[in-house]
Amino acid sequence: MTLTVREAAWDRIAELAGRPGAGAIRALFDADPQRFDSFHRQAVGILLDFSKTSVDAAALQGLLDLAQACGVLPRRDAMAAGEEINTTEKRAVLHMALRAPRGAGYRARLPSGETEDASASVDETLAAMKRFTRAIHRGEIRGATGETFTDVINIGIGGSDLGPYMIGRALWNARSPMRPLYLANADAHNWEAIRPRLNPHRTLVLIASKTFTTAETMANARIVRGWLEQNLGEVGARRHLVALSTNQEATAAFGVAPDRVFGFHDWVGGRFSLWSAIGLSIALSCGWTAFSQLLAGARAMDEHFLTAPPEQNLPLLLALLTIWHVNGLGLRSQAILPYDHRLSRFPAHLQQLEMESLGKSVTLDGEPVGRETGPVIFGEPGTNAQHSFMQLLHQGTTPVPADFVLVANPDHPFAENHRLLLSNGLAQAEALLRGRTPAEVEAEMAAAGTGAEEIGRLLPHRLFPGDRPSTTLLLDKLDPHSLGALVALYEHKVFCLGALWDIDAFDQWGVELGKKLATSILPELAPEASPGRHDPSTAGLIARIRELQAAAEE
Ligand code: F6P
């Protein structure tokens, strides 16, 4: 598509969003009470309701035209074909290969121009992970002192932590085979909090790092290896160590036995890696069946994404809603509200997935994007969110589009609680839409016996503007299959947004500078070290920290 066609499609979005009342939603329901029927879709067991947004038929058409003008679907096909669509890192993007059926034939294009059989290596790794998981569960592989492994600790950060942690939280229950623990933060208080809960004789330690160079992960891995060595000796400790990484040289140097290394390739991005060897903690803690169902659910969403027409394609539609809100209406943040406590880490996972992927300001050609890109993502499970930040969504100055995730059937017997939960989720979305008018507030206060003067005083505070957008994703149950589909839905949404904004959604150069500066500051924090060159604020803080540390030692 030519630039002109693309720019014309963007202009059309601006024009549609510039219509008087373009952000209104209630009026759309007044005009079309059947709006829910026209503005919801269903696929892979997920119902996506976007009728509570201000997207109407014209806007939807404009957005679909934009997707076509930006070549989203041809780009999707290039991703599936293993092309190097991560151009700044010269890498293919093949997380779909991780959950494809055996022998699916995915091939990754390498910088040399040759291709490698991605599916073959995925099949091999999955088979090794399955054998290992089963052997651990059956007690065929045991700890150094002959005890069975009951706990598994995953040491990793970013994509090597957030995805597995989020899934582990969602799927683990008291009947699951092993207890999972996650150690991410360089702050050793994290380890101090976990350590008393662990028995070294029964703990399997997974060091999850694509690069095996990430400072925080390696620092934690050294601490935990030391703890194992203290309790089991150097040789014994080795029997408890497993590495999940692409860097076999570094895993060997760290002392992980080659048959305890589960690999993957650089065509798997960190934030898309939970389906790879990085997901071993999920398989160990929740069971192999759960892990393979998770992959199957993601695969079902992949197939939908690859084959459904644009107007039915859930990931594309979800991405286009973001375009409408961010670029059309100028709404720069997005709340994620899962009404299911098992999804309490889902917003954290999406923060990395979306913000590390879409927090970019230049196009693939290195030109300024010229429009807003990734919104700020934040969230909490409902109903907790209602008692923290929902006030701002209801009455703050700028609307914040919200994604509600509702699950019809719980996995517990407390039906009354579940109705309470769902009623709250539905009510929040309804309140955002409907708001509360002066007449309603007045009538309610008068009925409660409030005098006219007091009503006048409080009226402005008790009004809700309404017309605030939300999208609802409704699942029948939360199980490994539906969770896999849900996570893959957001992954593909992110892909679509990358294509729409013409940015590289698969690199993360923005995290480099902080890492580099931390490396230069680190030696300056040692006692007796001489200060380096910094801005006056950083220099002042370093000096003050050293003073405080010196005082604490006296
Ligand atoms: O934060 C930068 C990042 O590279 C993420 O993209 C990645 O998920 C995380 O660090 C961890 O990297 P690794 O798995 O190599 O330790």
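Helix axes are lines fitted to C-alpha atoms over the stretch in contact, and the angles between their N-to-C directions run from 0 to 180 degrees. In this predicted model, helix H6 (residues 118–137) packs against helix H12 at an angle of about 155 degrees, with the two axes 10 Å apart.

- An angle over 145 degrees counts as roughly antiparallel, which makes H6 roughly antiparallel to H12.
- On the H6 side, the contact is formed by Leu 126, Met 129, Lys 130, Thr 133 and Arg 134; on the H12 side, these meet Trp 288, Thr 289, Phe 291 and Leu 295.
- Sorted by class, the H6 contact with H12 comprises 5 nonpolar, 2 polar and 2 charged residues.
- Helix H5 (residues 72–80) also packs against H12 (residues 288–307), at an angle of about 135 degrees and with the axes 10 Å apart.
- Because of that angle, H5 is oblique to H12.
- Arg 76, Met 79 and Ala 80 of H5 are in contact with Phe 305, Leu 306 and Thr 307 of H12.
- The residues where H5 meets H12 comprise 4 nonpolar, 1 polar and 1 charged.

**Helices H4 and H13**

- The axes of helix H4 (residues 57–69) and helix H13 (residues 314–328) cross at roughly 110 degrees and come within 10 Å.
- The range from 65 to 115 degrees counts as roughly perpendicular, so H4 is roughly perpendicular to H13.
- H4 contributes Ala 59, Leu 60, Leu 63, Leu 64, Leu 66 and Ala 67 to this contact, while H13 contributes Leu 316, Leu 317, Leu 320, Ile 323 and Trp 324.
- The contact of H4 with H13 has 11 nonpolar residues, with no polar and no charged ones.

**Ligand site**

- The ligand is surrounded by 14 residues, and the closest are Ser 160, Ser 209, Thr 211, Thr 214 and Glu 356.
- Ser 209 places a polar side-chain atom 2.6 Å from an oxygen atom of the ligand.
- For Lys 210, a polar backbone atom is 2.8 Å from an oxygen atom of the ligand.
- Thr 211 has a polar side-chain atom 2.6 Å from a ligand oxygen atom.
- The protein buries 87% of the 390 Å² that the ligand exposes when taken alone.

**Backbone features in loops**

- Gly 382 and Thr 383 are joined by a cis peptide bond, with omega about 10 degrees.
- Thr 383 belongs to the loop between strand S11 (376–379) and helix H15 (390–395).
- Asp 467 has a phi near 60 degrees, which is a positive value in a residue other than glycine.
- The loop that holds Asp 467 runs between helix H18 (452–462) and strand S13 (470–477).

Notes:
Residues are numbered from 1 along each chain as its sequence is written. This is a predicted model: local features need pLDDT of at least 70, side-chain atom pairs count only at pLDDT 80 or more; totals for chains, interfaces and linings use all residues. Side-chain values use heavy atoms; hydrogens and water are left out. Helices (H or I, at least four residues) and strands (E, at least two) are DSSP runs, numbered from the N terminus. Angles under 35 degrees count as roughly parallel, over 145 as roughly antiparallel, 65 to 115 as roughly perpendicular and the rest as oblique. Contact means heavy atoms within 4.5 Å. Ala, Val, Leu, Ile, Met, Phe, Trp, Tyr, Cys and Pro count as nonpolar, Asp, Glu, Lys and Arg as charged, and the others, Gly among them, as polar. A residue is near a molecule or strand if one of its heavy atoms lies within 4 Å of it. A polar contact is a pair of N or O atoms within 3.5 Å; within protein, one must be able to donate a hydrogen and the other to accept it, and residues adjacent in sequence count only if both atoms are side-chain atoms. Accessible areas come from the Shrake-Rupley method with a 1.4 Å probe; for residues, only the protein chains shown count as cover.
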